[in-house]
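Hello,

Here is the structure I promised to pass on. My notes follow it.

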Amino acid sequence: MAETLVLIELDRQRVKRPSLHAITLAQQLGGDYALLILGSGVAEAANSIISYGAAAVLVADDPALAEPLADRYASVIAQATRQQGAKRLLASSSTFSKDVLPRAAALLDAPMVTDVLALAKVDGAIAYQRPMNAGSKLATVKVDGELCVLTARATAFAMPSANGAPCLIATFAFDAASLPNEMQFVSRELRASDRPDLAEARVVVSGGRPLKDSETFERLVGGLADALGGAVGATRAAVDAGMAPNDYQVGQTGKVVAPELYIALGISGAIQHLAGIKDSRIIVAINKDADAPIFQMATYGLVGDLHQIVPQLIAAIQKT
Ligand SMILES: Cc1cc2nc3c(=O)[nH]c(=O)nc-3n(C[C@H](O)[C@H](O)[C@H](O)COP(=O)(O)OP(=O)(O)OC[C@H]3O[C@@H](n4cnc5c(N)ncnc54)[C@H](O)[C@@H]3O)c2cc1C
């Protein structure tokens, strides 16, 4: 039994580090928490998370869960939440949790608060701060009822330390044959890349509309990212124009990043893009328009043509 059940996300058999940040919110909420992982052949992943101060690691390991199909996952997650008698089901905000947790909330008939940034108190009760209108407003939300479902912005909560006493790993038994079977896994497209994951990278280089085509995008944005050992991001305009794949998108409807260094190449600084980068430690913008809104948020700004500046920058970094 645990007051909070934290869903940990896997990428195949490997724990996705941003999903561990939700543990920090569980710790701030107080009380016991258990970690839940789902998949097939996930014993090693379960072992890697036994020292985060949880009461237990709950493992749902079955070939039926080899692919993260939302209907099956939601069913198992809801069953595990009920079995634990948890008051809160929690995960880091991600494409995966956006897909799975609202379904689990519906099965549990529980209210859901997404993108929690911090805890607050309203009339002596726990409330949650979350962004509204692309982060231009902060809402404080109080929920009624016995159980609620939460997602936490990984960038708003520190990585928890893994220095707790090792906890038990418990098998969560469920009837695989009775899981929903409406969704079928078709195929997976894996992009081979040595670059760090966008959500975890210390350096992110993103490109916008003036990159023109995918070849120029890769040469300039990819080239600068590789020179700095960073990840590549893009604006929605660049993604929509086919210069960059969809999972590169940074912003309100893309990924939220908070690297040490964010470099924005030819990005105007629309509020929806800024919503995804504003917690970055240092923001560098290169834009030919001195009045571009990105310069209001940038730590350092360079006014000029990126097609001239970026090749020089890459060559200079490669020389060092
Ligand atoms: C509901 C909603 C959700 C959205 N979600 C997102 C999101 O998640 N992420 C996102 O990014 N956008 C999102 N958008 C879109 C957003 O509003 C902007 O349209 C988009 O971010 C603009 O992308 P951009 O900066 O690449 O293009 P533009 O706004 O066209 O800016 C291009 C910039 O490049 C500069 N430039 C041009 N040529 C050069 C050059 N040679 N050298 C240097 N600089 C140059 C220009 O001065 C300009 O500032 C969303 C919009 C809506 C309505």
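How many residue pairs are in polar contact between domain 1 and domain 2? The count is zero, with both residues at pLDDT 80 or more. A polar contact here is a pair of N or O atoms within 3.5 Å; within protein, one must be able to donate a hydrogen and the other to accept it, and residues adjacent in sequence count only if both atoms are side-chain atoms.

First, the basis. This is a predicted model: local features need pLDDT of at least 70, side-chain atom pairs count only at pLDDT 80 or more, and totals for chains, interfaces and linings use all residues. Residues are numbered from 1 along each chain as its sequence is written, and side-chain values use heavy atoms, without hydrogens and water.

The domains. Domain 1 spans 4-178 and domain 2 spans 203-319 (bounds from an automatic or database domain assignment). Their centres, taken over C-alpha atoms, are 32 Å apart.

The interface. Six residues of domain 1 contact nine of domain 2 (heavy atoms within 4.5 Å). Together the domains bury about 600 Å², 60% of it on carbon and sulfur atoms (accessible area, 1.4 Å probe, lost on putting the two parts together, summed over both). Ala134, Arg153 and Thr155 supply 74% of the area that domain 1 buries against domain 2.

One residue to check. Thr235 is buried, at 9% relative accessible area (buried means under 20%, 1.4 Å probe, protein chains only). Beyond its neighbours within four places in sequence, Thr235 contacts Gly207, Gly208, Arg209, Gln249, Ile267 and His273.

Best wishes

Terms used:
Buried < 20%, exposed > 50% of the residue type's maximum accessible area, 1.4 Å probe, protein only.
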